[in-house]
Structures are given as structure tokens and as C-alpha cells.
Amino acid sequence: MNNMSSGPPPEQQPDPPPPKPPQIVRKLVVEIFDARNLLPKDGQGSSSPYVVVDFDGQKKRTSTVHRNLNPEWNEGLEFIISDPRTMEFEELDIEVFNDKRLSNGNARKNHFLGRVKLYGSQFARRGEEGLIYFPLEKKSVFSWIRGELGLKIYYYDEMVQEQEEPPPPQPEQQQQQQQQLQQQQPPQEEVKKTPVYVVMEEPRHRMLEVPMMMPTEVPMEGHTQEHSPPIVTIEESPPPQMNMPPEQQQQQFLHRHEEGPQVMMSGPPPDQYPAPEVKRMQAGRAGERLRVMKRPNGDYSPRVISGKVGVESEKISAFDLVEPMQYLFVRIVKARGLAPSECPFIKIRTSTHFLRSKPGIIRPGEAYSNPEWQQVFALGYNKQETTNSTLEISVWDRASDHFLGGVCLDLSDVPVRDPPDSPLAPQWYQLEGSADDQHKVSGDIQLSVWIGTQADDAFPESCSSDAPYVAHTRPKVYQSPKLWYLRVTVIEAQDLHIAPNLPPLTAPEVRVKARLAFQSVRTRRGSMKHHSSAFHWNEDLIFVAGDPLEDSLFLLVEDCTTKEPVPLGYIIIPVSSIEQRLDERLVPAKWFGLESGPGGAYCGRLHLRMCLEGGYHVLDEAAHVCSDFRPTAKQLWKPAVGILELGILGARGLLPLKSKGPGKGSTDAYCVAKYGKKWVRTRTLTDTFDPRWNEQYTWQVYDPCTVLTIGVFDNRRMFADGCDNQPDFRIGKVRIRVSTLENNKVYTNSYPLLVLSRSGLKKMGEIEVAIRFVCPSLLPETCAVYGQPVLPKMHYLRPLGVAQQEALRGAAIKMVASWLARSEPPLGPEVVRYMLDADSHTWSMRKSKANWFRIVAVLAWAVGLAKWLDDIRRWRNPVTTILVHVLYLVLVWYPDLIVPTGFLYVFLIGVWYYRFRPKIPAGMDTRISQSETVDPDELDEEFDTMPSSKPPEIIRMRYDRLRILAARVQTVLGDFATQGERVQALVSWRDPRATKLFIILCLIITIVLYAVPPKMVAVALGFYFLRHPMFRDPMPPATLNFFRRLPSLSDRLM
């Protein structure tokens, strides 16, 4: 008994609990390097700045730098990211203050020196960060701020092992520990507790307690520390669901309650629920329509689609811009215990559809009677047609075509699944056969069947009944590669082994040739100094490099003195080893040794400065139709200003593009939309001239002054073999400028699909789309975008040439096309080039005429104003002329009213034209493009190759036509030059008499203006200009005759 009361023996003590698995904690590091050109705020022409960083409720500060307008801190502040999934929506506030304790006088507060506000989408992973100088922003309109702050911001994940709780002490030890704690603890000390965030979600009635790490405490003046746990109540909106008739909803309800085991969903435990995502979006009603009675371009203008897209409901689903299309989904998982077979496959048959699966796969270690398919099928579903029909699923042997068993399901008992629901759990069904084959049938098959829409998670990867060629018909989302500008500055070369047998007085012609993938650039001729044998270039070579930066840069130094270049040495540099630069800071140059031959003998060295430019935007689209202007570096991105939603409804009246038999054609159309880095591709609907896709996609909008491009193509790759890769045929495209869309308004329109070919303009059909631009905050973020530069800062600090930019754009298009061609299904190079307008820079007579008429249209207002003034001068309408006289007197007598009156007039013009504003986004305009009246020979010239592939007679005829056009342009340019030279001749004394008359007239005008009040002179000149025609001479005035008689330099031309 005494042994039992004294405690259990050592061998009977309970085992310690197993150690807890380590947790991943994401941390944010903000490295503050320095600041430049701060504002003096201490009263002595300087400042003592320090930085305060606030992130996710954690606030930390740096040390104070004493009296320095260009301070350097070189300090790093670390923060804990509470929820990595919502990191993109977190804000990082960085503020710079002047320490009042080091200021002159009794300052009441720490003066504000500027702030930098960033979002989680701009954070970079550790290893990808870079030093960026952010301009300091104002806190209010009346703040006076200047300077920049150098920051390096990145995050990383760290494995944290939780500390195990010590085992409970024995009673005697516990009493001793309590006595020691009471002796050591000071009186009246408050124990700070770790704050706990409590997240309550009302619909699910569960509570999560998430302990947060306490941030480093920094005594801040004017801020009180609160230790009470804040409570955040998050209301979850009801799950979106497709609109359906009441009887279908009742059927769905019965299936969910009667077939409990079949539709049971297994959710994650309470501590694994993801944090609810909060999105602010004001959605417009999908049923709103506009009616346009006037169609200026006839059959080639966009029109509004009548009717409603979907049934109006209080619940807004993820596919509210398109029509819900119901499908019967069949998921075939695997089988067990099948009869002996070599290659089993599945046949799925309904009253209107028939599909076959791929052959079953035998997993390693499994029996041949247990094949797996893991395949989903989507069959078009119509409730009225399939009410009393059945679904037949049968298993067959591919080698012998023997029946292995089947299952028949009544379609009236199939449950309906909404998109928010979890996937339907598959069930085992026993295979059955006929009376004759029952002894041959054995085994079970695992499958699940449900009714859903195109919003179902399984739809993109399913084998659809209207798209049997799965490999090239599935809808996909693509991402363009991350492109960089690679700048290579070739400075000089030394110790080159130049051939000694050069002719006398001949300097060697040494050049550097650089090659990156398919891009090749050569420097100019190197210059030599007399006192050294080094060659100098100081020339920039720029390439386009794409992630994952696997290529290598090859530089070859060669002697081009003779006809055949002689290589002097080469260098191979991996692009991944080159430093990345995000601003205009100078990257240090390095010396690289040249190699020659396989032995790698030293043959000189080359001085280079290389960097990957992250502050540029690599243009792959034409500047006037660009969809994105963000720089390459993610750290420089601004937050999004809105969301662009596109619903691709379908197409109407497509022309047949393939032959399907004698006298019958077909079209297999799919749609591609491109905005920013994101490309989307709908599924291919085979053998139909009126495809209905009804797919919806979204993009984040960072700049509303961008363009969305939508193209339709005929799929020809799905019929081609691996060796015969046929390009897809373009059906047409539409461009929609985002800035022309009103906020939160749904536009449902039909646009013509136009294609310009050698035979002329042809309408290939119409595409129906629904588009909405959701912009939660109109002021001030969206309006501030209009005041910012279009391109990133580096394009203005170190601009690229026009010809160089166009060459780099061609390389970028080629890299994007090769990247997307490696996807599955591939997006062909012809599709990428057509969507990116790769041929927009080529010359054509039609484009020249179009641009000329655009200039004429722009100057039409000036011509109209001149005609109106001429009518006033000629007193065509006496009442209007008298009113103009009165207005002119008022403006002359009160000149302070001229500027306000002008702006008021512009305001009234804008209000007046509001009545004639465009009701729908414009598409392609055939009148502006001059595509209807173009000459066939001009079209043939526009689509000719470079160099031309036409016979010499046609090329000579086109060259003569171009010479005639150039002669007209030459005459117009000469007339402009003549008028300018006549102005110069007024005081150049080329005509002494004319110059004497002009300067004497200027002296007389000067004396008159000094003697007569200017208002009287202005009234006299105005009334003289507006005098009645009876006082006018029909001949040109003397001043115009005097100007036309002035000499020009045209008589000196040879």
C-alpha cells in the first residue's frame, strides 16, 4: 500500500505525447535602405527622419538619423502574415516622420515627411526581390512632400515547431514552484495576454479562435495600445445557383434528402476551413438592354441583342452574363472483378447521344480485372426530351468486341448538383447482362451521375458530346510568359589577337556579335585610341528574354577587316546569372575572358555591363491596341482598379469553311479572348454554323485605357496528324476599349466578324458577347489613372528608339507564340499573330488612305469654323452677324471674360454632345478602315510577302504608282517649306524692298499702338474684319498679296 501511495513506478509512467508536426509560418521582411531629397522640417534646414511600418495590425519603426536629408538606415523589419491566402489584399503602410525631439524649438508633433502605400500583390518571394525607390506620396491635398524611399520587400515561409507543454509537476514540486513564483513576481504587475482573433461565420454556426503573434512593441506617441481581442463577424452570402423551374428545384430537393448516402459530402474539419474571401462588386442586371435604331455602317455595325440572357433572380451566380446550359455528367472511375478481357472500354448511350471512353488502365500491382478510367463525360441535357429515357453504361472488350456487362439508370432519378457543392461521391454498381450473357458477366463498376451546368468544376476537363476530339477542343486558360528586356552594354575589349599581316594604314575592323536564341545583333565598328590597342564601343544591345531564363547569351568578337570575318574569341553567359534591375541605378561592369576553340585558351577579355530590365513593359501588342502597360517586375505593379467580365454567348451565321462531303460544308469554331497576360479559349463546337459557347471569364483591370481583343477561329488541328499540322483559319475579331464601358453596366451585343483578304472584305458571321466593367471605386483611384504616365517610368528615363522598339516587339510576339504553342491544346502561332496584330506595322495603300482621311476628319472642325467665320463676314445671316458684333464688343471691353467664356463654351459643347454619345461599345469600322472601297490590286499588294513574290511587271507597275503618290506628297511638303521660308524672308533681307516695307510698317504699328488705347484698336480691327460685303473688294487683300510675293528657297533647288 505504501508503494502504491508513493506513486507509480518509473516503468508504469505514461508515455509522452507525440511531437506536433511543424507549421509553416509566412513572414514579410521590409528592408529600409535609404531616402533621397527629403523635405527639411526641423526649422534648421534639415530633418531627423525615422520610418514607421504598419502591416496587418503590427507596427514597427526604425532608428532616427540625426539631421540628414538623405538618410541611410539599412535596417530590416520582420512581420508575420496571419493568413497567406489573403496576403494579396493586405496593405503595407510605410510613413516617414521627423523626430520632434531633435528639432529646433518646441515642436508639438512629429512632422510628416511622406508615405508609401503598397499591397500584397506587389510582394516578391525571397530571392526575386530588388531594391526599388518609391516616390513619397502625400497624406492630404495640402501636404508638401518630396523625396524617394529605397525599399526591398519580400516574404518567405519558415517551418516552426511548436513548443511542447511540460508535464504536470508532482504535488510537492508544484507547491514549491508556486512559492518561488510568488516570491519572484513583483506586486501589481499586469500580465499581457496574446490577443486572440475570433472569426464567427453565422451560416455555418462555428467559431474559430486563431491566436496571433504579438508584434514588437514600439512606444509611439499618439497611439494607444489596446489588448482587447477584436471580433470580426463575416457574413457569407448564399451559394450561387443557376435558375431553374420550380419542379426541377423540387426534384433537386428530393434527391438531396432521399439519397443521403449517395450525395453525402465530406467536409474538412473546422480548423481547416479557408478564410472567407471578401469581394466588393456591384453587378448590373443581366436583363438590361439598349435599342439602337440607327446603324450607320449598315450590315457591318454592331447591334444590341434582344431578349434576356438569363432569368432574373436575387442570387447572382458566377455565370450571370451567359445562358445556363444543362449537361448530364457521367464520371467513370474504375471497375473490379471484370470478366477476362484484354482492353476494356466504356460505351455511354442515351436517346440522343453516344460516346466511347478511352481504354482502361491497369495500375501496377493490380489485377487485370480491375481497370481504371478516371474520365468525365458531359452530355447535352434537355429535361423535356429525356424525362422518360434511360442512361446505358456498358463495358466492352476492345480486342474481341465482347460485352462484359452494363448498368441502366433512369434519368428522372439523377440528382442535380450546384457549383458550390462538393463533388458527388461515386458508387459501386453491379454489372448486369442479358439472360444469355449472364453467366459471362461479372464485376462492379464505380461511377457517379449528376445534372449540372457549364459552371460545374468537372466541365472544362470533360469529354463533351458536342466536341468528340478531346485533345484540341477543351476550354483552356493560358498565361503569356514573363518577358524581360536584356540590356548588354559592350564597353571595350583588350588583348585581342589581331592578324599582323594587315595592309599599311589600315585599322582593323573589330565588331561584337551577340546572339540570344533566335535574336542576333551586331555592334558598330570599334574605335581604337592611339596610345593603346584596346577597342571601344560603349554601345547598348537589347534583347527580349523570357522566363524561365534557360537560354544563354553568346557573344562573339570577330575581325571584319577582310571579306570573311575572323573569330577572335567568344563568351557564353547564362541569362539566369545576370543581375535584375528595377530602376535606373548603375549596374557594375565586369570583365569576361574570351575563349577560342575547344581548349579554351585565353585570347583577350571583354568589358560588359549586363542587366535584366524589370522596369520596362515588354510590348507584344501594337501601342494603340495594347491591353496591358504594367512593367515586368511584379513589385512595381499598382493595385487593380476594377474587374472586366466577359460572357462569350455564341456566334450566328458562320460560313462553311471545310468540306464534309459532296455539296456540304462544316465549321468547327472556337473563340479566343486576350487581355493582359491572360488568354482564354472556349471549347470547340463541331459541325455547327451557330455555336453556343456560353462561357464566362474575368480579368483584373489595372488601366481602363486598354483594349480587349476577341477572335473566332475554325479548328483544323483536331483533324490533323502529328506530322501534318494545319493552321487554324481566322473567322474574324473584335476589339473593345475598356474605357468606353460605363461602370457596372452589362452590354449584350452582337458584332460582325469581318475578314479582309485578297478577294476583298467578307462578313464571316456574327459573335454575341456580354461584357461588364466592374469598378468599385470611381474616385479617386480610377480617375488618378488618367493623370499617370501610360508606360512605366523607365520608358521615359531611358527611352527606346521607334525602330528598336518595333524589332523587339517582333521578337516578343515570336516568343509568346512559341510559348503558347507548347500548351495542350496548343494555341497556334497564326492565332497569336492575328490576335496581337503582328502585321500592323506593314505598309499598304489602304492604311495610308485611312490615316489621311482620319487627319482630314480631325481637321474638319477647323474647316467648319473657318466656313462659319466666312459666313459671318459675308452677312449670310444678319441676325447672327449682329450678335457676333455684340459678343465681340463685350469680350474686347471686358477681356477678363475671354478665358472663362471659352471654357464655358467647351462645357456646353460637351453637354450638348451627351445626347449623341455611343450607346454600345464600337467594334470594327469598315468606313474608317477604307475596306469597302479598296482597289483589288491594292489589296493584293497589301497581302504580298516581303520580299515580293510577284512578277517583275506587277512590281514595276506598283513602283510607278508609288512614285506618283510620292510626287504628290513631295509637292505638299514643298509648299509647307515655301510658306515657312516666306515668313523668314520678312526680316532676312533676301528681298530688300519687301523687308524695308515690312519693318517700316512694324514701326508705324508700334507708334499707333502706343498712342491709341488697345481696346479701340481691337474694336476697329474686328469691325473691319466683319464689315459688310458692300465695302469689300472681291480681289485678294494687299497683305496676302505682299506675303505671296516674298521669296523662298525653291528657286535654288536643282
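1. The side chains of Arg524 and Glu539 form a salt bridge in this predicted model, with a nitrogen-to-oxygen distance of 3.4 Å. Arg524 sits in the loop between β26 and β27 (527-528), while Glu539 belongs to strand β28 (residues 535-546), so the bridge ties together parts that are 15 residues apart in sequence.

2. The two partners of this bridge fall into separate accessibility classes. Arg524 is partly exposed, at 43% relative accessibility. Glu539, at 17%, counts as buried, because the cut-off for buried is under 20% relative accessible area.

3. A salt bridge also joins Arg522 and Glu558, whose closest N and O atoms are 3.1 Å apart. This pair links distant parts of the chain: Arg522 is in strand β26 (residues 519-522) and Glu558 is in strand β29 (residues 552-559), 36 residues apart. Arg522 is partly exposed, with a relative accessible area of 42%, whereas Glu558 is buried, with a value of 7%.

4. Asp99 and Arg101 make another salt bridge, with 2.9 Å between the closest N and O atoms. Asp99 is buried, its relative accessible area being 4%. Arg101 is exposed, with a relative accessible area of 61%; the class follows because exposed means over 50%.

5. Some salt bridges share partners. Arg758, Asp937, Asp940, Glu941, Asp944, Lys950, Arg958 and Arg961 are joined in this way into one network. On the general point, side chains of opposite charge can pair when their charged atoms come close. The structure as a whole holds 50 salt bridges, and the pair Arg524 and Glu539 is one of the salt bridges described here.

6. For a reader new to the structure, the secondary structure of the chain consists of 17 helices and 43 strands. Among the strands are β26 (residues 519-522) and β29 (residues 552-559), which carry Arg522 and Glu558.

7. How much of the chain is buried? Buried residues account for 39% of its 1054 residues. Among them are Asp99, at 4% relative accessible area, and Glu558, at 7%.

8. On contacts, residues 24 or more positions apart supply 70% of those in the chain with a separation of 6 or more.

9. The last point concerns surface. The chain has an accessible surface of about 61900 Å², and carbon and sulfur atoms hold 57% of it.

Note on methods: Residues numbered from 1 in each chain as written. Predicted model: local features only at pLDDT ≥ 70, side-chain atom pairs only at ≥ 80, totals over all residues. Heavy atoms only, no water. Salt bridge = Lys/Arg side-chain N within 4 Å of Asp/Glu carboxyl O. Buried < 20%, exposed > 50% of the residue type's maximum accessible area, 1.4 Å probe, protein only. Helix = DSSP H or I, 4+ residues; strand = E, 2+ residues; numbered from the N terminus. Contact = heavy atoms within 4.5 Å. Areas by Shrake-Rupley, 256 points an atom, 1.4 Å probe, with all protein chains shown as cover.
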